[in-house]
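Here are some friendly notes to read alongside the structure. Take the points in order and find each residue as you go.

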Amino acid sequence: MGEHEPDGGRKVAEAAKGASGRKSGKTASAGAGGAGSAKKTASARKAAAAKKAAPAKKAAAAKKAPGRTAAAKKTNGKTTSAKKTTTKKAAPISKARPPKKVTIAPPKATVALGEAAPARTVAPEPPKGESRTALVRRARRINRELAEVFPYAHPELDFENPFQLLVATVLSAQTTDLRVNQTTPALFAKYPTPEDLAAANPEEVEEILRPTGFFRAKTKSVMGLSKALVEEFGGQVPGRLDDLVKLPGVGRKTAFVVLGNAFGHPGITVDTHFQRLVRRWRWTEETDPDKIEAAVGALFPKSDWTDLSHHVIWHGRRICHARKPACGACPIAPLCPAYGEGETDPEKAKKLLKYEKGGFPGQRLKPPQAYLEAGGKPAPPLGATG
Ligand code: SF4
């Protein structure tokens, strides 16, 4: 409110203060006797005058307020969040002038990446009481929008056969796919088959895997699963979920990556990005990966599962980050109940975009042709990066 009536308010306050102070003085004077009676009368008159003037000044201040607010914003040069502005606007202003119509959502969900999403004046209401049908529609629409944004989404680990994808997926824990892609060429050059890796010297494997972090545990895992492949599956990666999850270090997430991308079997990959995003979108409140997989799987046809996983994971890596989601540059902002959890200023949000959406290379050193044709930028060849 202070910003709405800087001068008028102060004068009114001073007048009121003066009146109040004099009122006290009057009491004191009355106690002191008749010597103060002339002053008392003058004070009383002034106080009455100030009191009379107050409503007129207040009204004038309220009328001036909108212009002053805008000027103050301009002077500060800050982009004030619309939500904040809406909250701060005071009742007297709305009496003086009807409030402007607020825009809740950008008119169209699809926003070209790199372009700023239209500014929004209020955050959307969470979809409380959203019906099952509405949830299914919203979830599928998000997937369709993401398919337009990431038409070339694909697994970001370089691989040439199921064995390489299985090993690379195990190595990708707690590190980036780019780091794994920079590490696996040396590993597969030296140990191209499960038999080779099962018979390797662990210390030599550890040395190769060191850049991926947790290299001792990862060496144990990839050598252990190679041994199991040789002993139980004739050196071949099995194409069944039940068999894959029996391999040491292989859980459902890894199994679905392999099934979906090396065997073409539909699967949902519930990694850290997937878990975070589906909760932000209120697709499910589940926290256990297996339950998330079941809940989200029920919203989509099975044939969509693998691509859905890519879209969600790509969106999580490039735009909807864990700490600072780039809401102001997000193409699905109108469909997201968590809009505003991250940066909403379009220019600032644009700077948060990662990989090729932020104008940088992607993660694969050897990406599929479709990715290149759609304008994706491969990571620099080995040796070109520091
Ligand atoms: S970036 Fe913001 S608006 Fe977009 S999906 Fe994430 S939380 Fe929602």
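1. Let us begin with helix 13, which runs over residues 272-280; its buried residues include His273, Phe274, Leu277 and Val278. Why do these four fall on the same side of helix 13? Around the axis they cover an arc of only 115°, which places them on the same side of the helix. Please keep in mind throughout that this is a predicted model.

2. What covers that buried side? Among the elements lying over the buried residues of helix 13 are helix 14 (289-297) and helix 15 (305-318). After helix 13 comes arginine 282, and its phi is positive, near 60°.

3. An unreviewed UniProt entry carries the annotation "binding site" for Cys320, Cys327, Cys330 and Cys336. Although these residues span 17 residues in sequence, no two of their C-alpha atoms are more than 10.9 Å apart, so they gather at one spot.

4. Look at cysteine 320 next. You will find it in the loop between helix 15 and helix 16 (346-350). Is cysteine 320 buried or exposed? A residue needs 20 or more other C-beta atoms within 10 Å to be called buried, and cysteine 320 has 25 such neighbours, so it counts as buried. Setting aside residues up to four places away in sequence, cysteine 320 touches Leu277, Arg280, His315, Pro325 and Cys330.

5. With 24 other C-beta atoms within 10 Å, cysteine 336 is buried. Which residues does cysteine 336 contact, leaving aside those within four places in sequence? They are Arg280, Trp281 and Cys330.

6. The next topic is the ligand. It is surrounded by 14 residues, and the closest are Cys320, Pro325, Cys327, Cys330 and Cys336. Sorted by class, the shell around the ligand holds eleven nonpolar, one polar and two charged residues.

7. Finally, consider the largest nonpolar core, which has 63 residues. Which of its members touch the most other members? They are Leu165, Leu166, Val258 and Cys330. Helix 6 (residues 162-171) contributes the most to this core, giving seven residues. As background, nonpolar side chains tend to be buried together in soluble globular proteins.

How values were computed. Residues are numbered from 1 along each chain as its sequence is written. This is a predicted model: local features need pLDDT of at least 70, side-chain atom pairs count only at pLDDT 80 or more; totals for chains, interfaces and linings use all residues. A residue is buried if 20 or more other C-beta atoms lie within 10 Å of its own, exposed if 12 or fewer, and partly exposed in between; C-beta atoms are placed from the backbone. Helices (H or I, at least four residues) and strands (E, at least two) are DSSP runs, numbered from the N terminus. The arc is that of the directions from the helix axis to the C-beta atoms. Two residues are in contact if their C-beta atoms, placed from the backbone, lie within 7 Å. UniProt positions are given in the numbering used here, feature names are shortened, and annotations may be inferred rather than shown by experiment. A residue is near a molecule or strand if its C-beta atom, placed from the backbone, lies within 6 Å of it. Ala, Val, Leu, Ile, Met, Phe, Trp, Tyr, Cys and Pro count as nonpolar, Asp, Glu, Lys and Arg as charged, and the others, Gly among them, as polar. A nonpolar core is a set of buried Ala, Val, Leu, Ile, Met, Phe, Trp, Tyr and Cys residues joined through C-beta atoms within 7 Å.
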